[in-house]
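Opening the notebook on a new model today.

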Amino acid sequence: MRDLYEAQRAMRQMRRQAMARGVMAVLDIGTSKVTCIILQFDGPGQFRETDGVGPMAGQSSFRVIGQFTTQSRGVRYGEIETMADVERCVRHAVQGAQKQAGVRVDHVIATISGARPASYGLAGDIPLRSGKVTEEDVAAVLAACDAPDFGKNREVLHAQPVNFAVDSRSGLADPRDIVGNTLAVDMHVLTIDGFAASNLVHCIRRCDLELAGVGSAAYAAGRAALVEDEQELGAACVDMGGGVTGVSLFLKKHMLFADAVRMGGDLVTRDISQGLRVPLPVAEWLKTRHGGLEATGRDDREMIDVTGEPGEDWDGERRFVSRADLIGIMRPRVEEILDGVREILEAAGFDQMPSRQVVLTGGASQIPGLDTLATRILGYNVRIGRPLRIQGLAQQHTAPCHAATVGLALHAANPQDEWWDFEMPVERAGVVGLRRAYRWFRNNW
């Protein structure tokens, strides 16, 4: 645990150094695309007034000065499968963004969308020796959290305190200087597959870049696509990407749960390709140009040319299919993805939240009729979410498919506090117990 703490703390320091230099890159390595945006900072702040207590996290205003997107290769289910192909895509995206910005960047913060995420709720408490909460007490109570055995080859991606309590007063965002006898904390820990994380780190280093942080794509998409009231009252963000559909739950402006369905929009494209016997590029064009999920009587008469490349004959003659046939191929796969999302929400206790709003984002969320179908399958209020506008971002990067990229930019400039933002007490370093291994948020909110 000490090695993990030091590694994450070192990346946090790199982020601060990059902010001090004025520029940093945000890199979203997805199954279908790789996007790089370069941020220019006005300067880091010292402390934050809301949403946390950490002295290290800092915040800064920023604007986008460079952006570039290229097709992704070598990534499957949000994880690196062919290192050389991913390296070429990353270099291409970073060089394109640098050329537009007119600057060179050395530090990047990257997303990871696959890697089989798993959430844990940890709890800890300590007596207050001085009668009031100090900065050292906050660090000590975080180090006192009992942690379960996360499993072999698992790495902690996020470890965020989501609730503080002093004696019987719960729901404190910043407990410092509160008078009491006992300080308790609830912390959300998100773990991922260690090999997938190591491959990402290795890829970034092969591109001659320094890694200043790694963030969950589901978490980043939620920060970008959920409005403030949704983050406060409780909402689920479903980031429907090319290879993975990430699910994250937010309450009191903190992520409390994250998981993923290992299916995405690329499977829909493959179904079209196999069902209609057309190449993958034609299938992707059919999905984005003529796709849908709700068939009408008119769709039986709307015929689509699926011959292939312009001027190319298919079996000696031009081929046509009805839009109803296309919808019939797409709908079962989308229903399967939404069924997986529903199972995750049920397992997380989403129906116990004060507000049960579901926000769909990501590239696959743009399929016509998805919100209606999702409302029917999930049973909650559903809307399509677009990322928040940030200064300098081009119009083409404000589509739902770029929610994780925008969210990661917000996370880079205004990160929430995590365990490694605090100076771990020496006497508590490495304390790991199993007494209270799995205490979830529904016991505290």
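My entries below go from confidence to overall build and end at one hairpin.

**Ground rules.** I am working with a predicted model, where local features need pLDDT of at least 70, side-chain atom pairs count only at pLDDT 80 or more, and totals for chains, interfaces and linings use all residues. I number residues from 1 along each chain as its sequence is written, and side-chain values use heavy atoms, with hydrogens and water left out.

**Confidence.** I looked up pLDDT, the predictor's confidence in each residue, from 0 to 100. The protein chain averages 84, and 88% of the residues score at least 70. I marked residues 54–58, where pLDDT stays under 50, and also residues 427–445, where pLDDT stays under 50 as well. Where pLDDT is low, the predicted coordinates should not be read in detail.

**Overall build.** I found eleven helices and 18 strands in the protein chain, taken as DSSP runs (helices H or I, at least four residues; strands E, at least two) numbered from the N terminus. Of its 445 residues, 58% count as buried, meaning under 20% relative accessible area with a 1.4 Å probe, protein chains only. I then checked contacts (heavy atoms within 4.5 Å): among those with a separation of 6 or more, 72% come from residues 24 or more positions apart.

I followed β8 (residues 154–166) into β9 (residues 169–172); they run antiparallel and are joined by two bridges, and strands pair if DSSP finds at least two bridges between them. Val166 sits opposite Arg169 in β9. Two residues lie between the strands of this hairpin, and Asp167 in the turn has a positive phi of about 55°.

Key. Buried < 20%, exposed > 50% of the residue type's maximum accessible area, 1.4 Å probe, protein only.
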